[in-house]
Amino acid sequence: MEVVRSQKKPSSAAASSDVVSNIPLYRSPPTLEVRLEDFERFAVDRLLVLRGISDGLARGKKPDEMEKLVSDLWKANMRHPQASEVINKDIISHFVLRLVYCRTEELRKWFLSMETTLFRYRFRLENSDVHRVLMTELGIPYKVVTNAEFEGLKDKLTQVARSVSQPLPTSDGTYYKVPFEEVPELVASRRVFIQKGYAYVALNQVVSFVIPHFRSHLSKALVLTNRKWTSMIREQEKDRLTPIVEALSTSYLGPDYSQAKELGEMSLKDIDQVARTSFPLCMRHLFDTLREDHHMKHGGRMQLGLFLKGAGLKLDDALAFWKAEFSQKVGAERFDKEYAYGIRHNYGKEGKRTDYTPYSCQKIILSTPGVGDHHGCPYRHFSEENLRAALGKMGVSSRALDDVIDKAKTKHYQLACTLTYEAVHGSSCDAGINHPNQYLSDSQKILEAKSTA
């Protein structure tokens, strides 16, 4: 993919008022060489913003809360050491993720929703001068209502504002008039005054007719990008950009927990107690199943084994742990011959000596357990009956349990896990659960704090 800097000329409205918008409309790719590491890094930073927005929406945050969340996420992730490069990072990251998320209908739908939400709240934070610049660039046929016209309509505008609990119009406020067909949402809900084919829109309602234009353009652009990706870019960039693009949509963006830096070592004598108090449901289920069946298929051994490694279980203790269980079913000799190698391999002591990292929530959710398997994400792969029973065993109250089940049904699996964590520990987790070892680490910190209080 060639990334280039936009050479778009400023609109006449922007030029005449010397107002510059910091919100791009992403009409055309940038004309600028981008280093491969920036290509990926910028995309990851923006993805942290979009995933934060997704989590906020899933939690049912109110508009004011979402506005603050979007502002905080943007400040935390989209900064650049050079202030002049912030806008370039914004544009580049958008176009990289457009390439990442154009590839399937499901990915396009998610990206379109998150980018539209991001634009909505960034737009709300800007002033009326910037609003006019963006409306001109979007080609929206608006007119600013003059003071004389406003005074003549003030009573009717006040009547509409009162009926929908909007702030009452004042002479120093701003109203726009647009063809009524531009604001079907406001017309349908009777939140706008209409006269002679024009809708009179208050400043705080402007976003209602700007967003559909932004969304429509981006939706069409995603379809066109997908055509270019499948017909040309994927093959041309198969050795350079394609692997990055294909990995980004499912990538885990937090710490890999390859080393248990915060928790230290996990001892065999404590493992059952820690499992009861601090394992997330996916690992608690695997652990209890292993204790009961004394055997586990490959997928479960990998998921639980790497989790325990990241939790601080040393290789010698891991071998002793698995051997104590498996030897009850297959005997110690068969364990040494058939299973010990795989455990040493996970710790980087066999084969290519790769130091494998614990699975993230994203990887676990996307796994496909078969008959007789116990790995995967319980919030996705369990029946409702089994999930309720497992959550009850963890001590989740009936009130919280319904919320967890509801999130699992609507495919917000990580949020369901986060709500479980909050119910079990009586403490909020605003960052959300993104990794089983994060759940364990955060749980241990809370329990330690309570024990020393």
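The chain exposes about 23,400 Å², and carbon and sulfur atoms supply 49% of that area. Accessible areas here come from the Shrake-Rupley method with a 1.4 Å probe, and for residues only the protein chains shown count as cover. This is a predicted model, in which local features need pLDDT of at least 70 and side-chain atom pairs count only at pLDDT 80 or more, while totals for chains, interfaces and linings use all residues. Residues are numbered from 1 along each chain as its sequence is written, and side-chain values use heavy atoms, with hydrogens and water left out.

**Overall build**

Along its principal axes, the C-alpha trace spans about 90 × 55 × 40 Å. The chain has 22 helices and 4 strands; helices (H or I, at least four residues) and strands (E, at least two) are DSSP runs, numbered from the N terminus. Of the 453 residues, 47% are buried, where buried means under 20% relative accessible area, exposed over 50%, and partly exposed in between, with a 1.4 Å probe and protein chains only. Among contacts with a separation of 6 or more, 70% are between residues 24 or more positions apart; contact means heavy atoms within 4.5 Å.

Just after α2, Gly60 takes a positive phi of about 75°.

**The sheet**

The 4 strands form an open sheet in the order β1-β2-β4-β3, with antiparallel pairing. Two strands pair if DSSP finds at least two bridges between them. β1 (143–144) and β3 (193–195) stand at the edges with a single partner strand each, so one side of each is left without a neighbour in the sheet. The pairings can be set side by side:

| Strand pair | Sense | Bridges |
|---|---|---|
| β1 and β2 | antiparallel | 2 bridges |
| β2 and β4 | antiparallel | 5 bridges |
| β3 and β4 | antiparallel | 3 bridges |

Strand β2 (residues 175–179) is mostly covered, with 5 of its 5 residues buried. Within β2, Tyr176 stands opposite Val144. Ala199 in β4 is the bridge partner of Val178, and Ala199 is also the bridge partner of Ile194.

**Cores and buried positions**

In soluble globular proteins, nonpolar side chains tend to be buried together. A nonpolar core is counted here as a set of buried Ala, Val, Leu, Ile, Met, Phe, Trp, Tyr and Cys residues joined through side-chain atoms within 4.5 Å. The largest nonpolar core has 62 residues, of which Ile53, Leu97, Phe119, Met135, Val201, Phe209 and Val210 touch the most other members. Helix α9 (residues 207–236) gives the most to this core, with 9 residues. Apart from it lies another core, of 59 residues, among them Trp322, Cys377, Ala400 and Cys417.

Beyond its neighbours within four places in sequence, Ile53 is in contact with Met66, Val70, Leu73, Met114, Thr117 and Leu118. Thr116 sits in helix α5 (residues 105–124) and is buried, with a relative accessible area of 5%. Leaving aside neighbours within four places in sequence, Thr116 is in contact with Ile211, Phe214 and Arg215.

Leu138 lies in the loop between α6 (128–137) and β1, and is buried at a relative accessible area of 9%. Not counting residues up to four places away in sequence, Leu138 touches Leu25, Arg27, Val210, His213 and Phe214. The C-alpha atoms of Leu138 and Leu25 are separated by 8.1 Å, although these residues are 113 residues apart along the chain.

**Aromatic pairs**

Rings of Phe, Tyr and Trp (its six-membered ring) pair if their centres lie within 6.5 Å; planes under 30 degrees apart count as stacked, over 60 as edge-to-face and the rest as tilted. By this rule there are 17 aromatic pairs. The rings of Tyr101 and Phe111 have centres 5.7 Å apart and planes at 10°, so this pair is stacked. Tyr101 belongs to helix α4 (residues 86–101) and Phe111 to helix α5, and both residues are buried.

Phe193 and Tyr200 make a tilted pair, 5.8 Å centre to centre with 45° between the planes. Phe193 is buried, with a relative accessible area of 13%, and Tyr200 is buried with 4%. Elsewhere, ring pairs link Phe279, Phe287, Phe307, Phe321, Trp322, Phe326, Phe335 and Tyr339 into a cluster.
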